[in-house]
Amino acid sequence: MSVRSYVAQPPIAIVGMGCRLPGAADAGEFWRRLLAGEETIRRLAEDELEDGSSEALRRTPSYVKARPVLDRVEDFDAEFFGMYAREAELTDPQQRVFLECAWEALEDAGCDPQRFAGAIGVFGGCSMNTYFLKHVMADRGLVDEFTGTYQVGCYPMLVGALNDFLATRVAYKLDLKGPAVTVQS
């Protein structure tokens, strides 16, 4: 075992929470449903399946037609966050929901970043952006535009498409003055 020196750091406090969970619009609803023993995983009809599984696999007894589903993802208010409609449309829903949850956490904490003298940091994680691949890149003309001009002409699309910008986008949009760290899974 090695001995590690400890350098004192300013204290960190988590004073607000914002979340969107399957079957629950916020933490309070999630806890109520959890305490009531309610299931929040949605059972899906055959026409709702979007997993790309073969029919043979779907007919096996071990195949479960269920998944966690976030409701109202499409209700993102782009104007509220200072985004153009096209920018929001090209942005991964994971990033849109995360931005909304960050705002909700600040509201829950009663914290106005404009008036707070200390640092407010953003730490977040997301998975691969399949939305970009399936919905945005479905248009071949858009693929050509993106790959040909992404460094200068498609920057908003690039920001919304890459997971690297998850935390920094929130810090920028909400004018936060602390660390912004994205962990990719």
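Phe123, Val181 and Val183 form a nonpolar patch on the surface, with about 290 Å² of accessible area together. A patch joins residues with over 30% relative accessible area and no salt bridge, linking like charges within 9 Å and nonpolar side chains (Val, Leu, Ile, Met, Phe, Trp, Tyr) within 5 Å. A salt bridge is a side-chain nitrogen of Lys or Arg within 4 Å of a carboxyl oxygen of Asp or Glu. Areas come from the Shrake-Rupley method with a 1.4 Å probe, and for residues only the protein chains shown count as cover.

The model is predicted: local features need pLDDT of at least 70, side-chain atom pairs count only at pLDDT 80 or more, and totals for chains, interfaces and linings use all residues. Residues are numbered from 1 along each chain as its sequence is written, and side-chain values use heavy atoms, leaving out hydrogens and water.

Stay with Val183 for a moment. Val183 sits in strand β4, residues 180–184. Its relative accessible area is 53%, so Val183 counts as exposed. The cut-offs are these: buried is under 20% relative accessible area, exposed is over 50%, and partly exposed lies in between (1.4 Å probe, protein chains only).

Now step back to the protein chain. It holds eight helices and four strands. Both are DSSP runs numbered from the N terminus: helices are H or I with at least four residues, strands are E with at least two. Along the sequence the pattern reads α-β-α-β-α-α-β-α-α-α-α-β. The C-alpha atoms fill a box of roughly 60 × 50 × 45 Å, taken along the principal axes. Of the 185 residues in the chain, 32% are buried.

Helix α4 is the next stop. It covers residues 93–109, 17 residues in all. From its first C-alpha to its last it reaches 24 Å, close to the 24 Å expected at 1.5 Å a residue. That expected span is 1.5 Å times one less than the number of residues. The buried residues of α4 include Val97, Phe98, Leu99, Glu100 and Cys101. After α4 comes Gly110, with a positive phi near 70 degrees.

Gly16 is 86 residues away along the chain, yet the two C-alpha atoms are separated by 9.2 Å. Gly18 and Cys101 give another such pair: 83 residues apart along the chain, with 4.5 Å between their C-alpha atoms. Gly18 lies in the segment before α1 (27–35). At 23% relative accessibility, Gly18 is partly exposed.

On a 1 Å grid over the protein atoms alone, a pocket is an open set of points with protein on both sides within 12 Å along at least five of seven lines; a cavity is a set where a 1.4 Å probe fits but cannot get out; lining residues have an atom within 4 Å of a point. Points are joined across faces, edges and corners, and a volume is the space filled by probe spheres set on them.

One cavity of 30 Å³ or more is counted. The largest cavity holds about 40 Å³ of space. Among the residues lining it are Pro113, Phe116 and Asp175. In α8 itself, residues 166–173, the buried residues include Leu166 and Val170.
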